[in-house]
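Student: I have a new structure to look at, and I would like to learn how to read it. Could you walk me through some of its features?

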Amino acid sequence: MSDRPYVLVSCAMSVDGFLDDASAERLILSNSDDLDRVDELRARCDAILVGANTIRRDDPRLLVRSDVRRLARVAEGLPPSPLRVTVTRSGELSPGARFFAGEAESVVFSSLSEALPALVERGVRRLLVEGGSAVLTSLFAADLVDELQLAVAPFFVGDALAPRFVGPGAFPHSARRRMRLAGVEQVGDVVVLRYLLGAMDDERWLREAIEHSRLCPPSRTAFSVGAIVVSASGEELARGYSREGDPLNHAEEAALAKLSGDLSGATIYSSLEPCSTRKSRERSCADHIEAAGLRRVVFAWREPSLFVTGEGAERLTAAGIDVVELPALAPNVREVNAHLF
């Protein structure tokens, strides 16, 4: 088990890097579609963290807004909204703040170093951080962020007194250690940039999975695929390859068969997009991944429509699983499978 949750930072900033202006009224940076996107992120996390200054200034509720998403969480045996978390050294928070009201449980810690391991003990595997600037600066400077989803609003604030996205700090992800861009999405007039920062080296593990696929017995009727399951702390848990131990085995299936227990913080790296349907067996690799409780999948090559129509990425995303595609490595997978073409 990792000593901290998977930390996902989600925030919106102006083009010139501000989280708000300096007025008493909160500045709305995003739009309704992007707010719904963030609501979906909330529904897929175990806890939401904001700084004490954000509670004092914005008085957020930090609840899942969508009734459909709330009911879906309840159907899974979860509370309607995730645990609410804040950090404050002074403890100066109003008991009447909306952070303490409503259906969701709220907890207060004195520091991030206290909060993160304590949250793991409470069963939090996935933590959504929504601000503010002081908390974000501390997390990034301490290299405690695994993923950043940054919405950029199409206007300037230009107020020197306004809070910035982050303040000054000795950041490990500097020009010498660049974050990995994993996606760009246009949401109305807002652009959402998705970066990966964490200890998991996606490209390295995916290259390893591709090399592992070379162990596959040759077949004219099936792809050669390699898969590796890695913990949130970067430790390999298991690996498998297509037709390992059984001519009908898929790589993800073979790797997951070697594991048991809680895999919610782990990532599975597969050289090929996990299958959504298959001719040889009833359960697809997408089914196996979802059943194992994995919350993150990284693959290189979209499954070509050679044997079946591949919709694994869509299936997994619809199930609330984070899916990362690294198409730059797709030619490596095609080379392993050149015999099929």
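Student: Is Leu148 buried or exposed?

Tutor: Buried means under 20% relative accessible area, exposed means over 50%, and partly exposed lies in between (1.4 Å probe, protein chains only). At 3% relative accessibility, Leu148 counts as buried. One thing to keep in mind is that this is a predicted model, where local features need pLDDT of at least 70 and side-chain atom pairs count only at pLDDT 80 or more, while totals for chains, interfaces and linings use all residues. Residues are numbered from 1 along each chain as its sequence is written, and side-chain values use heavy atoms, with hydrogens and water left out.

Student: Where is Leu148 found, and which residues does Leu148 touch?

Tutor: Helices (H or I, at least four residues) and strands (E, at least two) are DSSP runs, numbered from the N terminus. Leu148 is found in strand β6, residues 147-153. Contact means heavy atoms within 4.5 Å. Leaving aside residues up to four places away in sequence, Leu148 touches Val9, Phe140, Phe165, Leu193, Arg194, Tyr195 and Leu197. As for Asn337, 189 residues apart from Leu148 along the chain, the two C-alpha atoms are separated by 34 Å.

Student: How should I read the chain as a whole?

Tutor: Begin with its elements: the chain has 10 helices and 13 strands. Then take the radius of gyration, which is computed over C-alpha atoms; the globule rule is 2.2 Å times the number of residues to the power 0.38. With 341 residues, a compact globule would have a value near 20 Å, and the chain has 21 Å, which agrees. The C-alpha atoms fill a box of roughly 65 × 40 × 35 Å along the principal axes. Of the 341 residues, 51% count as buried. Among contacts with a separation of 6 or more, 72% come from residues 24 or more positions apart.

Student: How many disulfides does a search of the whole structure find?

Tutor: A disulfide is a covalent bond between the sulfur atoms of two cysteines. The cut-off used here is a pair of cysteine sulfur atoms within 2.5 Å. The search finds zero disulfides. The sulfur of Cys275 has its closest cysteine sulfur in Cys285, and at 3.7 Å that is too far for a bond. Cys275 is buried at 5% relative accessibility, and Cys285 is buried at 0%.

Student: Which residues of helix α8 are buried?

Tutor: An α-helix has 3.6 residues a turn, so residues three or four places apart point the same way. In α8 (residues 285-292), the buried residues are Cys285, Ala286, His288 and Ile289. They cover an arc of only 160° around the axis, so they sit on the same side of α8. That arc is taken from the directions from the helix axis to the C-beta atoms. These buried residues pack against α7 (251-256), β11 (267-272), β12 (296-301) and α9 (312-318).

Student: What lies at the two ends of α8?

Tutor: For the start, you need the polar contact: a pair of N or O atoms within 3.5 Å, where within protein one must be able to donate a hydrogen and the other to accept it, and residues adjacent in sequence count only if both atoms are side-chain atoms. There, a side-chain oxygen of Ser284 reaches to within 3.4 Å of the backbone nitrogen of Ala286. After α8 comes Gly293, whose phi is positive, near 85°.

Student: What polar contacts does the side chain of Asp20 make?

Tutor: Asp20 lies in the loop between β1 (6-14) and α1 (32-43), and is buried with a relative accessible area of 4%. A polar atom of its side chain lies 3.0 Å from the backbone nitrogen of Leu27. A polar contact of 2.9 Å joins the side chains of Asp20 and Arg57.

Student: What should I look for in the backbone angles?

Tutor: Most residues other than glycine have a negative phi, and most peptide bonds are trans. Leu62 is not a glycine, yet has a positive phi of about 60°. Leu62 is found in the loop between α2 (52-58) and α3 (67-75), and is buried at 2% relative accessibility. Arg243 also has a positive phi, near 70°, and is found in the loop between β10 (236-241) and α7. The peptide bond from Gly131 to Gly132 is cis, with omega near 0°.
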